[in-house]
Amino acid sequence: MSNYTTTTRSNLTEFNLPTNAYTGFDAQSLRTLIINRLNNDETINFTDQNFEGSNISALIDILAYTYHTLLFYLNQTSGESNFADAELYENINRIVKVIGYKPIGKQTSILPITITAKAALSTGYYTVPKFAFATAGGQTFSFIQDLTFENLTAVDETVIPLQNTLAYEGTIEEYPLLYPIGEKFETINILPGDNVIIDHFNIFIFVKEANEQNKWYEWKRIPSLFLSNPNDRHFEVTYNENKKYELKFGNSINGKKLNLGDTVAIYYLKSSGARGKVSSNTLKNTSINVYNNSQYDEIFADIKDTSLNYITIEDSPKITINNTEDSTEFGDEESVADIKQNAPRFFSSEYRLTTKADYKTFIQRNYKNLIYDCTVLNNSDYTNDYLKYINDDLGLTDFTKDTNALFNQYYYADSADSNNIYLSIIPKLRKNKSVVTRSNYLSPSLKEKILNEIENYKLLNSEISFVDPVYLNIDLAVKAAGEPNNVSYKNTTELHIRREARSLVNEDDLKSKVFSIISTYIKKLKLGDTINVRDLNNDIESIKGIVDFKTIRTDSLIKVPGLSLCIYNPVYNGKDIKYIDTQFKLRPYQVPYIENEATFKTKIKVESILKSKAIVEY
């Protein structure tokens, strides 16, 4: 009779192991357990298990390591089987497939450019064909669509194409031809190699259709085949759990089906990754090159628009490109946290942009390598807030007197403003020089790119326009009650800090720490955030060695405990100036910056005193 109690026995299997013992085993511990059981069983006389290389030892190894593998998968699936708990990329990727969510992969750098037609190019309309490219400074930039322009004169002239003038860092790569078997919803995997970076939004498919006289057709990428008609030449792209791309075709009910005898040609943009980012003027009168090889020449002959006058290889040196702006940053794929945040919002919108949140999520997700922050305004916000700010705060009687408002209204707004959706976007590329910072707007080419791509998802009666962000200068300033608003107060305002004389932190280090707290806080603020001076005061007070600090106006000896700031639009000489010593809520299109960090830092003064004298009025 076993001497185990009933309670203990209820938690044991017939092998005298706790029911949850499997969680504590790996391959080696299970192998040891089997060997010990065989050694301790007096009813058998096996000994081979103790000798490496014996048949029983090999069998034990197979059992132990098979168990270890199965246990690994059990742990993965049991702990990562639902959306909220999943932490591994491959698991969250599989989970969101259920709702049709397709995670976004890496995005290459994008470069706004200008095109110049040389005097040698005769007048007329020309089209730079898709996949043309230019190379400079060791980097290649490619065009992913046709660019049509008119050359009006017989001199060197900057021309304006009908499409947005953007070049994408990377080279167009040709994948080996594929031959489908003709099954419904056929899926093709792109496997270019482990170290190859494919730009997520630039995968192109051409199909030579056996049923259409062996003619090549370009197929269009769409978010979901279930939105397609039976004869639509559409395909889906999925960035799968292995961080590889899957191409899915239709079934002749939802999208056209691939047929046996068809030939599939795949082209993709191969990016250089983070090192592909370039600065302004990298391309200086750089000639373009027409993409050509025997396979693509055959495809292009079938798909080209015969009404267009395409640039030939001979004429391509007569067209050059320049870049006056830096390229955008390289964008990494969506992380697990990104997917968890974006997938529920995507599911609620179902490929349609209706609410402000839908627009913001779509823009932040699809253009994360272009955008630092974005806010969305409807016409009511635009009229009651933005136009009110222009009129009441800046004193402009008409929005057309504001250059940015006039520019955006002219180029992007339609005749019926009541149905407009306004996007205020800060580019991801932050320019730090003061004069440039306050004009750090999204380029017209990038605006046009976003506008054109949103067209496929927005409501029919909504039109997209833009509100350029308003950059507000923030500085130290104190104003006494009854004094008129005046920007000049900032010129005579200083932050005075009293330091414990015995503190190990010297005055220069203390000044640097205080400035770093203020500067870092300001740089992290986004459109529409709240500036909380109390939080800044608390952070400064937490610096070891500080006794107290005050903001003082040296021309009048007005002083305020803690920080006192002013914020204003420098373009209009501070007509909208506000003074902050507690909190200030930015408007949805406003963001602050420090105009001159070196000057700001010189306004921080440090005095050393004995702590016993700190109670004396300062």
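Predicted model: local features only at pLDDT ≥ 70, side-chain atom pairs only at ≥ 80, totals over all residues.
Strands (E, at least two residues) and helices (H or I, at least four) are DSSP runs, numbered from the N terminus. Two strands pair if DSSP finds at least two bridges between them.

Strand β18 runs antiparallel to β19 (residues 420-427), and six bridges join them. Asp373 stands opposite Ile426 in β19. Axes are lines fitted to C-alpha atoms, for helices over the stretch in contact; angles run from 0 to 180 degrees between N-to-C directions.

A helix pair was also examined. The axes of α12 (residues 507-524) and α13 (residues 533-541) come within 10 Å and cross at roughly 150°. That makes α12 roughly antiparallel to α13 (angles over 145 degrees count as such). Contact (heavy atoms within 4.5 Å) involves Val514, Ile517, Ile518 and Tyr521 of α12. From α13, Leu536, Asp539 and Ile540 take part. By class, the contact has six nonpolar, no polar and one charged residues. Ala, Val, Leu, Ile, Met, Phe, Trp, Tyr, Cys and Pro count as nonpolar, Asp, Glu, Lys and Arg as charged, and the others, Gly among them, as polar.

Residues are numbered from 1 along each chain as its sequence is written, and side-chain values use heavy atoms, without hydrogens and water. Local features need pLDDT of at least 70 and side-chain atom pairs count only at pLDDT 80 or more, while totals for chains, interfaces and linings use all residues.

Note on methods
Parallel < 35°, antiparallel > 145°, perpendicular 65-115°, else oblique.
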